[in-house]
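Hi everyone, thanks for coming. I'd like to walk you through one protein model today, so please have a look at it on the screen before I start.

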Amino acid sequence: MLLNINQLISEFYIAWYLHHERIDKTIYGYLKTGEKLRDYYDLLVDTLFYSIRDYLVLAAAGEVRHAVDRTDYKVKEVHEDIKRATSKKGKRGANKQYSSSRDIVYGEATKYDPVLLLKNCRRVFSADWNHRGYGGEAWANITDAALDMWDPQTKFPRTVTIDHVIDLEHNNGTVFNKPVIYKYQPGLKRILDAKFLGVDELILLGRDACSPVRLSSFIKGICRLMKMNVDEIETGTSPISYTPIVWGTEKTTVIDTYTGRAVEDESSTALFFAVYSCIYLAIAAVIMRAIMKNMHAKQD
């Protein structure tokens, strides 16, 4: 079941506001205690963090499939998956689960190491693309944010990371308009616009961002919804619960589209030259000392 991204984002900001501002004791009456609100807020943060983290890997992999005729590089394994799956079409029972090349990528990408896949996608996105509608700097920024979410040493709290990613856009709109993990709805733009104006404007939009509602009645309604969802966590029926993807460990590589040769990792190349430079300088120092010693010997 696809998650409702509009609901998750709007309730994340509203729950954050209620959780941190403690605006009215009567609000907590609908939850019996503030513990319910904290539980719900924690669930929202966990759900958004892990679902966004998975989503960005799949979205990046789906986008990098366009590289084959729009830039000089591509992620070899992504295109091999598409080629392998499409070559079997027409055979009885083959690939019925895939309706497009994007579905193939979404279905096959989970077998790969997500961090390496993101790094390789970023390398491809950072190359020159011949079409503004695909790849490029916008997607490089998206993969940067995704890599930060996968970094256990990141210095940013989850809430800050979530807030940053929610605002990201690619070449054709919000980052969340890809048909995987989330059910995208047009009302998301109104939610993001309202977020910049403040939580009051966001609350006035209502849960589905369709029509304004009275602030007081909506707060009561959202609190009742929080109580319902928290109670449903134990039974596994909460509409905002999410089970993270179990990613594989298979490697991916970046290759030159025209030669088919692997493109060296820039960090590996930099390390090679750094080591080479150190060795060269050490040898030069030894030679220089030998020359100086020889010159002193002649003077004596």
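Let me begin with a term: a residue counts as buried under 20% relative accessible area, as exposed over 50%, and as partly exposed in between. Keep that in mind for Tyr50, which has a relative accessibility of 24% and therefore counts as partly exposed. And please remember throughout that this is a predicted model.

Where does Tyr50 lie? It lies in helix α3, which covers residues 34-64. If we leave aside the neighbours within four places in sequence, Tyr50 is in contact with Arg158, Tyr242 and Pro244. Look at Met149 too: Tyr50 and Met149 are 99 residues apart along the chain, yet their C-alpha atoms are separated by 8.8 Å.

Now let's step back to the whole protein. It has 300 residues, and 41% of them count as buried. There are 12 helices and 6 strands. Take the contacts between residues at least 6 apart in sequence: 73% of those join residues at least 24 apart.

Is Asn6 buried or exposed? Its relative accessible area is 1%, so Asn6 is buried. Not counting residues up to four places away in sequence, Asn6 touches Gln185, Gly187, Leu188 and Ile191.

On to the interior. In soluble globular proteins, nonpolar side chains tend to be buried together. Here, the largest nonpolar core has 63 residues, and those with the most contacts inside it are Ile52, Tyr55, Leu56, Leu117, Phe176 and Tyr182. Several helices supply at least two residues each, including α1, α4, α7 and α9. Which helix gives the most to this core? That is α3, with 16 residues.

Stay with Tyr55 for a moment. Leaving out residues up to four places away in sequence, Tyr55 touches Val175, Phe176, Asn177, Lys178, Val180, Ile181 and Tyr182. Ring pairs also link Tyr55, Phe176 and Tyr182 into a cluster.

Most residues other than glycine have a negative phi. Ile181 is not a glycine, but its phi is positive, at about 70°. You'll find Ile181 in the loop between β4 (173-174) and β5 (182-183). With a relative accessible area of 12%, Ile181 is buried.

Back to rings: the structure holds 8 aromatic pairs. In one of them, Phe125 and Trp139 have ring centres 5.8 Å apart and planes at 40°, so this pair is tilted. It links distant parts of the chain, since Phe125 is in helix α6 and Trp139 in helix α7, 14 residues apart. Both Phe125 and Trp139 are buried.

Last stop: two helices that meet. Two packed helices are described by the angle between their axes and the distance between the axes. For α4 (residues 76-87) and α5 (residues 101-108), the axes come within 9 Å and cross at roughly 115°. The crossing is right-handed. On the α4 side we have Val78, Asp81, Ile82, Ala85 and Thr86, which meet Ser101, Ile104, Val105 and Glu108 in α5. Sorted by class, that contact has 5 nonpolar, 2 polar and 2 charged residues.

Key: Residues are numbered from 1 along each chain as its sequence is written. This is a predicted model: local features need pLDDT of at least 70, side-chain atom pairs count only at pLDDT 80 or more; totals for chains, interfaces and linings use all residues. Side-chain values use heavy atoms; hydrogens and water are left out. Axes are lines fitted to C-alpha atoms, for helices over the stretch in contact, and angles run from 0 to 180 degrees between N-to-C directions. Helices (H or I, at least four residues) and strands (E, at least two) are DSSP runs, numbered from the N terminus. A crossing is left-handed if the near helix is turned anticlockwise from the far one by less than a right angle, and right-handed if clockwise. Contact means heavy atoms within 4.5 Å. Ala, Val, Leu, Ile, Met, Phe, Trp, Tyr, Cys and Pro count as nonpolar, Asp, Glu, Lys and Arg as charged, and the others, Gly among them, as polar. Buried means under 20% relative accessible area, exposed over 50%, partly exposed in between (1.4 Å probe, protein chains only). A nonpolar core is a set of buried Ala, Val, Leu, Ile, Met, Phe, Trp, Tyr and Cys residues joined through side-chain atoms within 4.5 Å. Rings of Phe, Tyr and Trp (its six-membered ring) pair if their centres lie within 6.5 Å; planes under 30 degrees apart count as stacked, over 60 as edge-to-face and the rest as tilted.
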